[in-house]
Amino acid sequence: MGASGAALHFLSGEFSCQFRTSSILTKSSSLLCYEHCLKSINIGDTTYQQIKGLSKWRYCSRLNAFRGIHSVFRGEKLQNQFNSLICNCQQPERFNETIIKDGNGRSIHTISSNIPNHDQDEQMIKQENGAQLFSKGLKTAAMVNSALPRTNTGSIEDEAWHFLRAAMVYYYGDPVGTIAANDPSEATMLNYDQVFIRDFIPSGIAFLLKGEYDIVRNFILHTLQLQSWEKTMDCYSPGQGLMPASFKVRTVPLDNDESATEDVLDPDFGEAAIGRVAPVDSGLWWIVLLRAYGKCSGDLSLQGRVDVQTGMKMILRLCLADGFDMFPTLLVTDGSCMIDRRMGIHGHPLEIQALYYSALLCAREMLAPEEASTDLVRALNNRLLALSFHIREYYWIDVKKLNEIYRYKTEEYSYDAINKFNIYPDQIPPWLVEWMPSKGGYLIGNLQPAHMDFRFFALGNLWSIVSSLATIDQSHAILDLIEAKWEDLVADMPLKICYPALEGQEWRIITGGDPKNTPWSYHNGGSWPTLLWQLTVACIKMKRPEIAEKAIKIAEIRLARDKWPEYYDTRRGGFIGKQARLFQTWTIAGYLVAKQLIANPEAAKILINVEDTELLSAFSSILSSNPRRKRSRKGVKQSFII
């Protein structure tokens with residue numbers, strides 16, 4: 001049977017096989033590989049098992065699929081009969097790919113073919129830059145998606161694993177990450193065809209818990225290489241140690257040679273992002289994933305590498321650098337984290353502080369003991385103590401604290417002022433007075449001079465539990481609040497990214513009238529299924545997994561049916577987001593991590609930070625004394641000019 005005939009039989013479901021799909025996307029030329037083994041194919045009431053005489057196709061049928069009109073094709077010949085699909089299984093003698101080194105030491109892919117051109121419809125269609133593309137191509141990626149096999153077990157987890165692997169990105173044949181979304185209905189991918197550091201975290205955790213460590217190791221090392229790249233935003237360069245928000249894998253022709261290509265990693269530090277905001281959270285998530293890799297795989301040699309230690313120190317120095325800000329919290333701009341659009345979270349948003357605290361604890365655990373790191377460790381410990389005190393004391397809100405704020409006096413000038421940040425009681429919003437339960441509390445979203453953002457932000461509160469930034473009592477109170485306000489924060493789809501939504505004139509002023517962040521949509525009160533995994537880790541840590549199990553059951557009702565959306569809209573999360581991508585990778589990965597952790601709660605230890613006893617002792621010492629005492633100025637001599 002010829003190659004074209006075999007492929008057509010395969011697509012028609014006449015036999016089952018394992019195949020691999022490679023795609024180089026329109027703009028990024030990212031190489032994506034999908035692998036899946038199909039035991040049987042169901043068509044109606046009939047199950048087609050392996051057909052006798054076609055066993056050679058079962059284990060190694062390969063399918064190369066390419067997405068988009070301008071998808072780049074790396075060296076293989078096309079058959080117009082397929083338009084977008086070509087099967088070259090069991091024909092290793094026909095296509096030979098060799099990796100050689102050029103004079104500069106770069107790796108070069110060379111592909112040779114000894115297939116005689118029997119069919120006149122085999123054509124090479126060349127792009128101006130020497131790469132090959134499809135002139136007809138795929139009108140949409142739905143043709144590729146429909147060709148991908150589905151498991152017939154009826155398991156949502158199996159389907160989720162299928163789509164997670166479908167999002168994998170390869171660099172010189174090695175997996176290095178997962179793209180943000182693999183939505184076949186979207187003609188324009190924007191930056192969803194890139195590997196985002198924050199988006200890959202749940203994917204990486206899912207692979208670690210599955211025992212597949214290589215992709216996480218590769219991701220850590222390759223993003224580390226991008227850390228030192230010199231990228232500019234207008235005429236300025238990002239601070240040393242900044243991690244990119246995302247990167248692409250581009251496959252480009254080498255020196256205009258059509259038979260030789262090279263892979264290139266192309267990072268984005270925010271210079272191409274909407275709003276041009278550099279990511280603050282990328283480096284913090286990178287440190288968290290590095291620790292999780294070591295704990296899960298047992299491979300501590302990666303942490304000890306000189307380049308990894310150097311990269312970690314660069315991130316820490318960037319975050320611990322002195323500046324005009326006098327708070328122990330990290331000062332950031334609006335839109336520099338998961339909420340990456342203008343939402344009034346500039347200053348000291350809780351999400352960043354919780355990640356910051358977690359990253360500091362993880363880094364301290366992994367830093368190699370050496371004299372050169374002494375000052376860094378000392379600064380790290382000082383910041384941990386000050387940060388934990390600041391967040392626990394000033395960000396916490398419950399009925400008791402709300403009543404205290406309600407009776408605040410303002411314009412207090414002294415070291416022993418009670419209302420240190422000059423918060424006006426009139427800032428307490430009417431919704432909060434009615435909404436706050438008698439049992440439970442949470443950490444507010446932001447604190448700045450004369451301003452408290454009373455919104456509930458899910459990721460910041462959940463990660464404060466995971467990282468032990470919140471006390472044990474506060475952690476239980478946060479979960480109590482989630483249970484008490486289940487209809488507001490979970491309802492038909494977990495979990496609200498923030499509550500409540502900005503509406504009316506407040507929405508127009510704070511978001512700039514952002515049409516994507518309309519009330520109860522996207523970042524403005526939308527429901528994000530990816531938060532399931534953070535909720536699960538927090539519940540397991542506090543030994544209350546039943547809360548996470550309840551949320552997972554709600555999500556399972558709709559996620560697969562709705563094709564794994566990025567987010568949901570409306571107060572109850574009843575509608576798929578109006579601009580939500582489908583087959584969103586971190587939605588898929590977040591669900592998988594949650595299911596894996598519920599099945600094996602002990603595995604959550606790779607993410608949890610246990611409260612440091614020394615920090616706890618120092619914190620207790622501060623609270624036992626009067627924190628409002630006048631600051632000591634002993635040892636400062638007063639000088640006079642005569």
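In the predicted model, Phe421 is buried, its relative accessible area being 12%. A pair of aromatic rings is described by the distance of the centres and the angle of the planes. For Phe327 and Phe421, the centres are 5.4 Å apart and the planes stand at 80°, so the arrangement is edge-to-face.

The count of aromatic pairs comes to 22. An edge-to-face arrangement is also found for Trp463 and Trp533, because their ring planes meet at 65°, with the centres 5.7 Å apart. Trp463 is part of helix H13 (residues 458-466) and Trp533 is part of helix H17 (residues 532-541), so this pair ties together parts of the chain that are 70 residues apart in sequence. Trp463 is buried, at a relative accessible area of 0%, and Trp533 is likewise buried, at 1%. Elsewhere, ring pairs join Trp431, Trp435, Tyr442, Phe456, Tyr499 and Trp520 into a cluster.

The charged end of Lys516 is placed over the ring of Tyr522, at 4.3 Å from the ring centre. Arg581 lies over the face of Tyr192, and here the distance to the ring centre is 4.3 Å.

The loop between helix H8 (306-320) and helix H9 (350-366) also contains Thr329. With a relative accessibility of 3%, Thr329 counts as buried. When residues up to four places away in sequence are left aside, Thr329 touches His348, Gln353, Leu387, His390, Ile391 and Tyr395.

For the protein chain as a whole, the secondary structure comprises 20 helices and 21 strands. Of its 642 residues, 56% are buried. Among contacts with a separation of 6 or more, 71% are made by residues 24 or more positions apart. The accessible surface of the protein chain amounts to about 28600 Å², and carbon and sulfur atoms contribute 51% of this area.

Note on methods:
Residues numbered from 1 in each chain as written. Predicted model: local features only at pLDDT ≥ 70, side-chain atom pairs only at ≥ 80, totals over all residues. Heavy atoms only, no water. Helix = DSSP H or I, 4+ residues; strand = E, 2+ residues; numbered from the N terminus. Buried < 20%, exposed > 50% of the residue type's maximum accessible area, 1.4 Å probe, protein only. Contact = heavy atoms within 4.5 Å. Phe/Tyr/Trp six-rings, centres within 6.5 Å; stacked < 30°, edge-to-face > 60°. Lys NZ or Arg CZ within 6 Å of the ring centre and 35° of its normal. Areas by Shrake-Rupley, 256 points an atom, 1.4 Å probe, with all protein chains shown as cover.
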